[in-house]
Amino acid sequence: MIRAAFFDVDGTLFSHRIHRVPDSAMRALRELREKGVLLFVASGRSVAEVNRLLPPELLFDGYITLNGQYCCAKDGVFFDRPVSKEEISRMLEKVERDPFPLVFVENGRIYINYINPHVEKVEAYISTPLPEVRDLREGLQHSVYQMIPFVLRDREEEIMACLPNCRKSRWHEGAFDIMDKDGGKGNGIRRVLERYGISKDEAMAFGDGENDLDMFPCVGISVAMGNASEQTKRQADYVTEDIDNDGILKALQHFGVLE
């Protein structure tokens, strides 16, 4: 029996084609709640960004946000792990030597060193306003949960070599997230399941991007959306329909969770 379900936001719950949550997904989550299934967001975005995209009538029992770096429930925050100041300093040295567009994500604030056409293209793809341009050294005075280089895959290894205590998670061909080595959506799911006394086999997760792969080993049923990347589809237990073709509802019906 499924007792908990975890949902990525971009491309899974929120359609960037129609710029909202599809009606079938709204219905599916409402029916899950009526059956007593606990519902959780699992996103690379912050709580504020998630709430900007998702309608208020969608009720969740908790949020795994910032790729597992900031997890909260109705009774407050139960995990909070920003990137260390040492790693922030290493990244600042790297980007000052060899500039590239870099976003720092705090819990309530997002800012970037500079904006170019590449940044504009990627941010438009995920229906996100351009971040404010600020001095990234501000990150030394605040809690930064993610660093996002807007670069292609050929620069990943070079950048990560400077950050021994961090891990990466790519969500677009033109950008990837960097977080503390103990981060990741999967670690967030494990903390949620332990907190609520739910076994792995009683949980399922839905995603479409490479940053969702971290969730799949942590649940009994992993579902890739029809619009998912090929790598995500290969590693999922089941590939459902596209987000805009009732993918979430059809997967839940396939596994008999909903009728």
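# Questions about a predicted fold

Modeller: Let's start with Arg-155: apart from its neighbours within four places in sequence, Arg-155 is in contact with Lys-94, Asp-98, Pro-99 and Phe-100. Please keep in mind that this is a predicted model.

Colleague: Thanks! Where does Arg-155 lie?

Modeller: Arg-155 lies in the loop between S9 and H5.

Colleague: Why is Arg-155 called buried?

Modeller: Its relative accessible area is 18%. Buried means under 20%, so Arg-155, at 18%, counts as buried.

Colleague: What makes the link between the side chains of Arg-155 and Asp-98 a polar contact?

Modeller: The two side chains are joined at 2.6 Å. The cut-off for such a pair of N or O atoms is within 3.5 Å, and 2.6 Å meets that limit.

Colleague: Lys-94 came up among those contacts. Which residues of H3 are buried?

Modeller: In H3 the buried residues are Glu-87, Ile-88, Met-91, Leu-92, Lys-94 and Val-95.

Colleague: How do you know that they line one face of the helix?

Modeller: Looking down the axis of H3, the buried residues fall within an arc of 165°, so they share one face. The face turned away from that buried side carries the exposed residues Glu-86, Glu-96 and Arg-97.

Colleague: What covers the buried residues of H3?

Modeller: The cover includes strands S6 (102–105), S9 (146–149), S10 (166–172) and S11 (175–180), along with helix H5 (156–160).

Colleague: How do you know what span H3 should have?

Modeller: H3 runs over residues 85–97, which is 13 residues. The expected span is 1.5 Å times one less than the number of residues, and that gives 18 Å. The end C-alpha atoms are 18 Å apart, so the span agrees with the expectation.

Colleague: Let's turn to the rings. How many aromatic pairs does the structure hold?

Modeller: There are eight aromatic pairs.

Colleague: Why is the pair of Phe-40 and Tyr-196 called edge-to-face?

Modeller: Their ring centres are 5.5 Å apart and their planes meet at 65°. A pair needs centres within 6.5 Å, and edge-to-face needs planes over 60 degrees apart, so Phe-40 and Tyr-196 qualify as an edge-to-face pair.

Colleague: What makes this pair a tie between parts of the chain?

Modeller: Phe-40 belongs to strand S2 (residues 38–42) and Tyr-196 to helix H6 (residues 185–196), so the pair ties together parts that are 156 residues apart in sequence. Together with Phe-6, the residues Phe-40 and Tyr-196 form one aromatic cluster.

Colleague: Phe-40 and Tyr-196: buried or exposed, or partly exposed?

Modeller: Phe-40 has 1% relative accessibility and counts as buried.

Colleague: What makes Phe-104 and Tyr-111 an edge-to-face pair?

Modeller: Their centres are 6.1 Å apart with 70° between the planes, and the cut-offs are within 6.5 Å and over 60 degrees. Phe-104 and Tyr-111 are both buried.

Colleague: How do you know that the charged end of Arg-191 sits over a ring?

Modeller: The charged end of Arg-191 is 3.5 Å from the centre of the ring of Phe-79, and the distance limit is within 6 Å.

Colleague: Where is Asp-8 found, and why is Asp-8 called buried?

Modeller: Asp-8 is in the loop between S1 and H1. Its relative accessibility is 4%, so Asp-8 counts as buried. The side chain of Asp-8 also makes a polar contact of 3.1 Å with the side chain of Lys-185.

Conventions:
Residues numbered from 1 in each chain as written. Predicted model: local features only at pLDDT ≥ 70, side-chain atom pairs only at ≥ 80, totals over all residues. Heavy atoms only, no water. Phe/Tyr/Trp six-rings, centres within 6.5 Å; stacked < 30°, edge-to-face > 60°. Helix = DSSP H or I, 4+ residues; strand = E, 2+ residues; numbered from the N terminus. Buried < 20%, exposed > 50% of the residue type's maximum accessible area, 1.4 Å probe, protein only. Lys NZ or Arg CZ within 6 Å of the ring centre and 35° of its normal. Arc of directions from axis to C-beta. Contact = heavy atoms within 4.5 Å. Polar contact = N/O pair within 3.5 Å; in protein donor to acceptor, adjacent residues only side chain to side chain.
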